[in-house]
Structure formats: structure tokens, C-alpha cells
Amino acid sequence: MRIDIVTIFPEFFDVLDISLLGKARQSGLIDLGVRNLRDHAHDRHRTVDDTPYGGGAGMVMKPEPWGEALDGILRPRTDAEYATDGADAPTPLVIFPSPAGEVFTQAMARELATEEHLVFGCGRYEGIDQRVFDDTATRARVRLVSLGDYVLNGGEVAVMAMIEAIGRLIPGVVGNPESLVQESHENGLLEYPSYTKPAEWRGHEVPPVLLSGNHGAIAAWRHEQQLERTRRVRPDLLPPESTHAESAP
Ligand code: 6GU
């Protein structure tokens, strides 16, 4: 997968050199490009924002640097590319992190992990001039995506979270794909509690069923734990009828 990021804080993404995603980049599974929006501002102060039309607090990101930065990423395909891709090759998907967007979920991460080319446009200040979204939508698919119902100072932290969630779902990035299926949100429930050795620690014992060797009983216990935990802290994840009644494992 190709990933491009446009930001006024390119150093922020230096951490993508390390850990699992760093390895995925080294092995070529993820091809990452980070661009500084200010490289596309041509005045002496490399200005990327201005006061809002209509008045109000804060600053709005100017359209011209965004247009130029995205021109470099969403360039028209060459004749040779048309010949090899076919004219209907998938267009890049451009994601603008925004608290006004649709909420990012594990289901969305799974969907985005199948894309060939993702572009993330990190806004700061009070937002980006609306025409940047409108113009980008004429040559790519565009989505506004939010991490949740709270406000961050800019899109960088949100994009980092999205790239981590998406990147680990790209085949080959996580060594053992089994570890992807038994975690929170993959089956619509929170994950069950995990234990490792020793069997007793500071007076706390591992639930005996996990030492029983009875795989059916262990699976049933884990499912019950998932339901109990989800009912307690995230009842919104459960279908309405299962909030009180027991559902079969
Ligand atoms: Cl994607 N961006 C910003 N600035 N704030 C947020 C967010 C995104 N998601 C939640 N809060």
C-alpha cells in the first residue's frame, strides 16, 4: 500500500520508522511519503493560514498550498500508466482527519486496509478552506474521518492512530494473523482478559478453567467474559435485545 501524508509537522511521523510499521516499510509492504505543506507556500513566511471569511475566531488553512501539495500526489496518470493500469484503475482515497467526519471504526480500518493508495491531509487551526475538499473530490475519492467525539489540535495524532490500525491489517504486517481475530472489536465484542505464568501472583490466581485443558470450556468462558465486559462498559456495541438476556456462545 502507498500512503502519502500532507502536514505542517512532518517530523511528527518519524516514529513510523520504528516497530511493526517500520518493519512493514523496510519489507516494502507499506510505501510511505510525508510532505511538508509549507513547501507549497511561496511567500516569505511560508504562510498556510488566513482569517476566515464571514468573521469568527481562529484561522483557516488557505487553499493554494493544499492544491499544490495534492497536485504532486494526485498527478494525472501518464500514457504508460494508462496502458498498464487500464483507465479504470482505482483512484486514491484522500482522508481528511476532522472532528466533523464519520467516526473511525475497526470496520473502517478493515475496509481501508484493502486500498492501494491512501492520502492523509492533516489540517490545523480551525480547519481547511472547504474548496480544498470540493476540488479534491473532482479527482479522487474523499472522506472526512474523526477518531471520536473530542477535539484534537490537529489531524496528526488522528492520522497516526488510523495508520497504525490500518497498517496492522495489511496481510504480512502482523506475523501471526491468528492474533488479529481474537482481539477487541473483531467480533463486535471487547476482548476477554488474558493471563500468563505464574499461575499465582501476589495472591491473585489465574481462573482455574484456563488451566483445565478443556478447550470447549475455555472458549465458553472467554465468550462469557467478552459479553460481560461489553455489557458493563460498552453496552452500545451490543444489539438491543442482548443487553440483558444471555446469548448462546
Ligand atoms: Cl480526526 N481531528 C481533530 N482535529 N480532532 C479530532 C479528530 C480528528 N477526531 C477526534 N477529534
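Reply: This is a predicted model, in which local features need pLDDT of at least 70, side-chain atom pairs count only at pLDDT 80 or more, and totals for chains, interfaces and linings use all residues. Residues are numbered from 1 along each chain as its sequence is written, and side-chain values use heavy atoms, with hydrogens and water left out.

Me: How many cavities of 30 Å³ or more does a search of the whole structure find?
Reply: A cavity is a set of points, on a 1 Å grid over the protein atoms alone, where a 1.4 Å probe fits but cannot get out. Grid points are joined across faces, edges and corners, and a volume is the space filled by probe spheres set on the points. With a threshold of 30 Å³ or more, the number found in the whole structure is one.

Me: Which residues line the largest cavity?
Reply: Lining residues have an atom within 4 Å of a point. The largest cavity has a volume of about 40 Å³. Its lining consists of Ile-3, Leu-16, Leu-21, Arg-25, Ile-30, Leu-32 and Ile-163.

Me: Which strand gives the most to the shell around the ligand?
Reply: Strands are DSSP runs of at least two residues, numbered from the N terminus. Strand E5 (93-103) and strand E7 (141-146) each supply at least two residues of this shell. With three residues, the strand that gives the most is E5.

Me: How far from a nitrogen atom of the ligand does a backbone N or O atom of Leu-147 lie?
Reply: A polar contact is a pair of N or O atoms within 3.5 Å. For a backbone N or O atom of Leu-147 and a nitrogen atom of the ligand, the distance is 2.8 Å.

Definitions and conventions. 1 Å grid on protein atoms, 1.4 Å probe; cavity = no way out; pocket = protein on both sides within 12 Å on 5 of 7 lines; lining within 4 Å. Polar contact = N/O pair within 3.5 Å; in protein donor to acceptor, adjacent residues only side chain to side chain. Helix = DSSP H or I, 4+ residues; strand = E, 2+ residues; numbered from the N terminus.
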